[in-house]
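Dear colleague,

I am handing over the structure below, and I would be grateful if you could look through it alongside the notes that follow.

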2 protein chains.
Amino acid sequence: MPRFFIAGTNLAGGMAVLRGRDAEHVRVLRLRPGEELTICDGEGTDYRCRLVSSDKEQAEAEVLEVRRCPAEPSVAVTVLCGLPKGDKTDYIIQKCVEAGASEIGFFLTGRCVARPENPEKKIERWQRIAEEAAKQSGRGIIPQVKWAGDLAGALDIAVKKDLALFLYETGEREALDQVLEANKEIKTAALLTGPEGGFAEFEAKLAKIAGLHVCSMGERILRCETAPVVAVTALMYATGNLS
Amino acid sequence: MPRFFIAGTNLAGGMAVLRGRDAEHVRVLRLRPGEELTICDGEGTDYRCRLVSSDKEQAEAEVLEVRRCPAEPSVAVTVLCGLPKGDKTDYIIQKCVEAGASEIGFFLTGRCVARPENPEKKIERWQRIAEEAAKQSGRGIIPQVKWAGDLAGALDIAVKKDLALFLYETGEREALDQVLEANKEIKTAALLTGPEGGFAEFEAKLAKIAGLHVCSMGERILRCETAPVVAVTALMYATGNLS
């Protein structure tokens, strides 16, 4: 069923009104009066609707059923990645949204090769990728994409979560499964992964001092764009959000 | 450390000999005598070596240590995917090898859009992608890429494994975590995922009759190239191969 995100204010009195880009999308999809669509308020609630009318300016739909979006996981996961090169960011955003992340941030580390002057300029494009992935995968929210600055900025976000993991491929680490098994009831989590060259040793030390769990994801070396998706999936599995 | 796969026969008497493309790769990497490299026999054994000499034709290295490759999981996972469009195959191969799959196969289903006349012709290119990913992620084997024909062919491969899962996004299904928790000691597994349009209902019925577990991976709709990676990761997590 086609899926739209609109603000709750447009969902008054048993009718939903789609305007602008969304109204256009209804026309592009050639939806006809009587056909069903899902409208989501972006805060986890789905409205199953039947299209009543549609023109260039707006589309109106009758609300048939209101329900909690079943695709939303019980844990809000923030993924924070050392900024990778090129369009790997896009891939990370798309796949992490599908896998269940609620927020995605990028930050610079000592080994980042990409060092854009105005990273904030990319946010708008990144946010569109997140929205498309949210629609496609049936999410109940549009995960936000943020620029987290540097490692300090990422750690500042991470330490406010119920559980914060720093995924690191060498040295002394905790086993990911043991940490997750001991934290099944969390409501928020942060997962930090490195850029192409990985994190430096002192970055891992800093994360540990800040209170993060420095964790291993096994002995296979994951690419910087693969690690976030694997980490989100493991967390979703461990917290009962993958079945 | 750079990683090479060579046949066991070139590892006699404490010396390893690299020829052809591998010898060239040693030169491209500008490895010098005295530097270390890992040579893997492709059957799960790693040889930590020190380069002794290198020219256009061949490179010779002294074996310093022999050990079981730590990156190999305890379960040999065969991933079988409904053939997707375009280069999504490449993505599936690369990511599944990183995630720990031992074998990857593609097959045609009722909803496959791509219907190549000679799919076997693609195997050579697919196999190169698997080899590159195996080197990059530190695997102890080069996962094999196969053409599995149609659903019957895929089911025939799957039913020979200790555990065979058919991942399906609708209808009556078992919970993935319950099935995996009940099968932690498996040595072999098969994971079947669909093409862009998903599996048809009768295909799921057929899989069930054949003895596969028809499983859900949660309410988020995963793209056909994302589902295999998520499934392999969940299995690796559940069997203790992700920490």
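Within strand S4 of chain B, B:Tyr47 is the bridge partner of B:Ile39. The strands in question are S3 (residues 36-40) and S4 (residues 45-54) of chain B, which run antiparallel and are joined by five bridges; strands are taken to pair if DSSP finds at least two bridges between them, and elements are DSSP runs numbered from the N terminus, with at least four residues for helices (H or I) and at least two for strands (E). Four residues lie between the strands in this hairpin, and B:Gly42 there adopts a positive phi near 75 degrees.

Please keep in mind that this is a predicted model, in which local features need pLDDT of at least 70 and side-chain atom pairs count only at pLDDT 80 or more, whereas totals for chains, interfaces and linings use all residues. Residues are numbered from 1 along each chain as its sequence is written, while chains are lettered from A and ligands numbered from 1 in the order in which they are written.

S4(B) also pairs with strand S5 (residues 58-68) of chain B, again in the antiparallel sense, over nine bridges. A hairpin of three residues connects S4(B) to S5(B), and B:Thr45 stands opposite B:Arg68 in S5(B).

Turning to the domains, chain A is divided into domain 1 (3-68) and domain 2 (76-238), with bounds that come from an automatic or database domain assignment. Their C-alpha centres lie 33 Å apart. Eight residues from domain 1 of chain A and six residues from domain 2 of chain A take part in the contact, where two residues are in contact if their C-beta atoms, placed from the backbone, lie within 7 Å.

The contact between the chains takes 32 residues from chain B and 32 residues from chain A. On the side of chain B that touches chain A, the elements giving two or more residues are helices H2 (88-99), H3 (123-137), H5 (176-181) and H7 (227-238) of chain B, and H7(B) provides the largest share, five residues.

With best regards
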